[in-house]
Amino acid sequence: MAHRLRPEGLGFLTAAPVRLVFAREVSAPPERVFRALAEDVPGWAAWFPAVASARPLDGGAGREVRLRGGTRFRETVLAATGPEVYAYRVDVTNAPGARALVEEWRLAPAAAGTRVCWTFAADGTAAFRGVLRLARPGMGRTFRDAVTRLDRRLRELP
C-alpha cells in the first residue's frame, strides 16, 4: 500500500538519521552525466540495474520510478542545477516503514572526467533505518555498477 512521506527539502541531506554516501569517478564529462540523470529519466532503466522503469512527470518537475521487485516512488525534483546537482525527494512510496527520503547526485570535474557522489538520506521506523544500514554494502555495489554502466552507455552514445 502506497503512503505519503514527509516533504523534506535539501537540508535533509545533512540532517537525516540515515545517510548513505557513495562516490566514483567516470570518464564522461559532468555535462553528459547531468543530462543522463536529469533529462533522460526513462534512460535510467538502461543503466541502473535496480530501476525497472522511470518516467518524468509534470514537465520534469517530478518522476515516477519503479524498482525491480515492485517498490514504487513518486518524486519531486528539488534541484536540477546543471551540471553540478540533481536532487529529488520521494513523496509517495509503497516501501514499508519509510517516512522521508531525499537523494542527491552531485557532480564535479575530475582528472578522468567526473566525480559522481550519490547521497541517499532517509528516515523511517527503527526497522527501516536498521535495514538501510545493513543494506549499505549492497547499495554501494549497486551504485558502483550503475555508474560504471552509465559511463559505458555515455561512451557508446553520440
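Analyst: We can go from the overall layout to single residues.

Analyst: This is a predicted model: local features need pLDDT of at least 70, side-chain atom pairs count only at pLDDT 80 or more, and totals for chains, interfaces and linings use all residues. Residues are numbered from 1 along each chain as its sequence is written, and side-chain values use heavy atoms, with hydrogens and water left out.

User: Fine. How many helices and strands does the protein chain have?
Analyst: Four helices and eight strands. Helices (H or I, at least four residues) and strands (E, at least two) are DSSP runs, numbered from the N terminus. Along the sequence the pattern reads β-α-β-α-α-β-β-β-β-β-β-α.

User: What does the C-alpha trace span?
Analyst: About 45 × 30 × 30 Å along the principal axes. The radius of gyration is 15 Å, which agrees with the value near 15 Å for a compact globule of 158 residues. That radius is taken over C-alpha atoms, and the globule rule is 2.2 Å times the number of residues to the power 0.38.

User: And how much of the chain is buried?
Analyst: Buried residues make up 45% of the 158 residues. Buried means under 20% relative accessible area, exposed over 50%, and partly exposed in between (1.4 Å probe, protein chains only). The accessible surface comes to about 7700 Å², and 54% of that belongs to carbon and sulfur atoms. The areas come from the Shrake-Rupley method with a 1.4 Å probe; for residues, only the protein chains shown count as cover.

User: What share of the contacts links residues 24 or more positions apart?
Analyst: 56%, counting contacts with a separation of 6 or more. Contact means heavy atoms within 4.5 Å.

User: Let's go inside. Which residues have the most contacts in the largest nonpolar core?
Analyst: Val 33, Trp 44, Tyr 86 and Trp 105, in a core of 40 residues. Helix H4 (residues 126–156) gives the largest share, eight residues. Apart from this core lies another one, of six residues, including Phe 12, Leu 13, Ala 16 and Ala 100. A nonpolar core here is a set of buried Ala, Val, Leu, Ile, Met, Phe, Trp, Tyr and Cys residues joined through side-chain atoms within 4.5 Å.

User: Now the strands. In which sense do E3 and E4 pair?
Analyst: Antiparallel. Strand E3 (residues 51–57) and strand E4 (residues 62–67) share six bridges. Ser 53, for one, has Arg 66 in E4 as its bridge partner. Two strands count as paired if DSSP finds at least two bridges between them.

User: What joins E4 to E5?
Analyst: Five bridges, again with the strands running antiparallel; E5 covers residues 72–81. Val 65 has Phe 73 in E5 as its bridge partner. E4 and E5 form a hairpin with four residues between them, and Gly 69 in the turn has a positive phi of about 100°.

User: Which residue takes a positive phi in the hairpin of E3 and E4?
Analyst: Asp 58, near 50°, in a hairpin with four residues between the strands. Asp 58 is not a glycine. Most residues other than glycine have a negative phi, and most peptide bonds are trans.

User: Is Asp 58 buried or exposed?
Analyst: Exposed, with a relative accessible area of 58%.

User: Where is a cis peptide bond?
Analyst: Between Gly 82 and Pro 83, with omega about 0°. Pro 83 sits in the loop between E5 and strand E6 (85–93).

User: Switching to charges. How many salt bridges does the count come to?
Analyst: Ten. A salt bridge is a side-chain nitrogen of Lys or Arg within 4 Å of a carboxyl oxygen of Asp or Glu.

User: What does Asp 91 form a salt bridge with?
Analyst: Arg 89, with the closest N and O atoms 2.6 Å apart. Asp 91 counts as buried at 10% relative accessibility, and Arg 89 is buried at 16%.

User: And which residue forms a salt bridge with Arg 106?
Analyst: Glu 104, the closest N and O atoms being 2.9 Å apart. Here Arg 106 is partly exposed at 39%, whereas Glu 104 is buried at 10%.

User: Last one. Which residues are linked in a network of salt bridges?
Analyst: Arg 6, Glu 8, Asp 123 and Arg 129. Within it, Arg 129 and Asp 123 meet at 3.8 Å, N to O. Arg 129 is partly exposed at 23%, and Asp 123 counts as buried at 11%.
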